[in-house]
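Please read the following report alongside the sequence and the structure, which are shown first. It moves from the overall layout to the core and then to the strands.

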Amino acid sequence: RAAAAAPEAETFEYKAEVNRLMDLIVNSLYSNKDVFLRELVSNASDALDKIRFQSVMDASVLGETADLEIRVKADADAKTLTITDADAK
């Protein structure tokens, strides 16, 4: 009996506005927005830890970035929360 051939992989492109995608993630995957925010900051922290570790062997991975940091800025008027991290190259 012959083995069945593995199906070919399919690639799909997902095009959506970032705001809409984030809304879907928050409302679909995270029922609690606090959990989503904590995960977002945690992922940013993990990324900075990774680049910090890589910089021990190769300082050029930091580019011109002196400080690895995560900033959280609230705008009460616009009812937004902006999260940025260091832009290491």
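## Overall layout

The protein holds two helices and two strands, where helices (H or I, at least four residues) and strands (E, at least two) are DSSP runs numbered from the N terminus. Read from the N terminus on, the elements follow the order α-α-β-β. This is a predicted model, in which local features need pLDDT of at least 70 and side-chain atom pairs count only at pLDDT 80 or more, while totals for chains, interfaces and linings use all residues. Residues are numbered from 1 along each chain as its sequence is written, and side-chain values use heavy atoms, with hydrogens and water left out.

Of the 89 residues in the protein, 12% are buried; buried means under 20% relative accessible area, exposed over 50%, and partly exposed in between, with a 1.4 Å probe and protein chains only. The accessible surface comes to about 8000 Å², and 52% of this surface belongs to carbon and sulfur atoms; such areas come from the Shrake-Rupley method with a 1.4 Å probe, and for residues only the protein chains shown count as cover.

## The core and its surroundings

The largest nonpolar core has six residues, namely Leu 48, Ile 51, Val 61, Leu 62, Leu 68 and Ala 86. A nonpolar core is a set of buried Ala, Val, Leu, Ile, Met, Phe, Trp, Tyr and Cys residues joined through side-chain atoms within 4.5 Å. Leaving aside neighbours within four places in sequence, Leu 68 is in contact (heavy atoms within 4.5 Å) with Leu 48, Ile 51, Arg 52, Leu 62 and Ala 86. Under the same exclusion of neighbours within four places, Ser 55 is in contact with Val 61 and Leu 62.

| Residue | Location | Relative accessibility |
|---|---|---|
| Ser 55 | helix α2 (residues 33-57) | 15% |
| Leu 62 | loop between α2 and β1 | 18% |

Leu 62 and Ala 86 are 24 residues apart along the chain, and their C-alpha atoms are separated by 9.4 Å.

## The strands

Strand β1 (residues 70-75) lies largely in the open, because the number of its six residues that are buried is zero. β1 and strand β2 (residues 80-85) pair in the antiparallel sense over six bridges, pairing being assigned if DSSP finds at least two bridges between two strands. Ile 70 has Asp 85 in β2 as its bridge partner. In the hairpin of β1 and β2, four residues lie between the strands, and Lys 79 takes a positive phi near 55°.
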